[in-house]
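The following paragraphs lead through one chain, from a single residue to the overall fold. Please keep the sequence and the structure in view while reading.

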Amino acid sequence: MSDTIFGKIANGEISADIVYEDENLVAFRDLHPQAPTHILVIPRKPIPTLNAVQPEDAELIGKLFLAAAKIAEQEGIARSGYRTLINCNAAAGQTVYHLHLHILGGRQMQWPPG
Ligand code: AMP
């Protein structure tokens, strides 16, 4: 079991504003939202970074993105548009070492990202 803050959210030790969960995944609102809609989707499995994803995780990663699209629909941002991203390691700004997919929407996104 992961001892990161997200591992603790996944196992119910720490509360979060959960918008979706199933046997493999949990999705909750980011504590410091960078857009009107900012949700994090995590696997219950404590994978620290994208670099640590293994071939046997392929189905899980597919489910992560399928859930993101479903959540975007639920949140009413699917049609207007949204961004999904995974920060991997320090140079990308990763701060929590439990794999998480950001869903950001509800405003115009800029490119390139900072
Ligand atoms: P990253 O920089 O990709 O590792 O993103 C970590 C994200 O987790 C940041 O956007 C934080 O605002 C968010 N975060 C940290 N702690 C919590 C928490 N307890 N509940 C919800 N979001 C959190």
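Which residues does H102 touch, not counting residues up to four places away in sequence? They are D30, H38, I39, L40, R83, T84, L85 and N87, where contact means heavy atoms within 4.5 Å. This is a predicted model, in which local features need pLDDT of at least 70, side-chain atom pairs count only at pLDDT 80 or more, and totals for chains, interfaces and linings use all residues. Residues are numbered from 1 along each chain as its sequence is written, and side-chain values use heavy atoms, with hydrogens and water left out.

H102 belongs to strand β5, which covers residues 101-105. Its relative accessibility is 10%, so H102 counts as buried; the term buried means under 20% relative accessible area, with a 1.4 Å probe and protein chains only. The side chain of H102 also forms a polar contact of 2.8 Å with that of H38. Such a contact is a pair of N or O atoms within 3.5 Å; within protein, one must be able to donate a hydrogen and the other to accept it, and residues adjacent in sequence count only if both atoms are side-chain atoms.

The chain as a whole holds two helices and five strands, these being DSSP runs numbered from the N terminus (helices H or I, at least four residues; strands E, at least two). From the N terminus on, the order is α-β-β-β-α-β-β. Buried residues account for 39% of the 114 residues in the chain. Of the contacts between residues at least 6 apart in sequence, 54% join residues at least 24 apart. The C-alpha trace spans about 35 × 30 × 25 Å along its principal axes.

Technical notes. Buried < 20%, exposed > 50% of the residue type's maximum accessible area, 1.4 Å probe, protein only.
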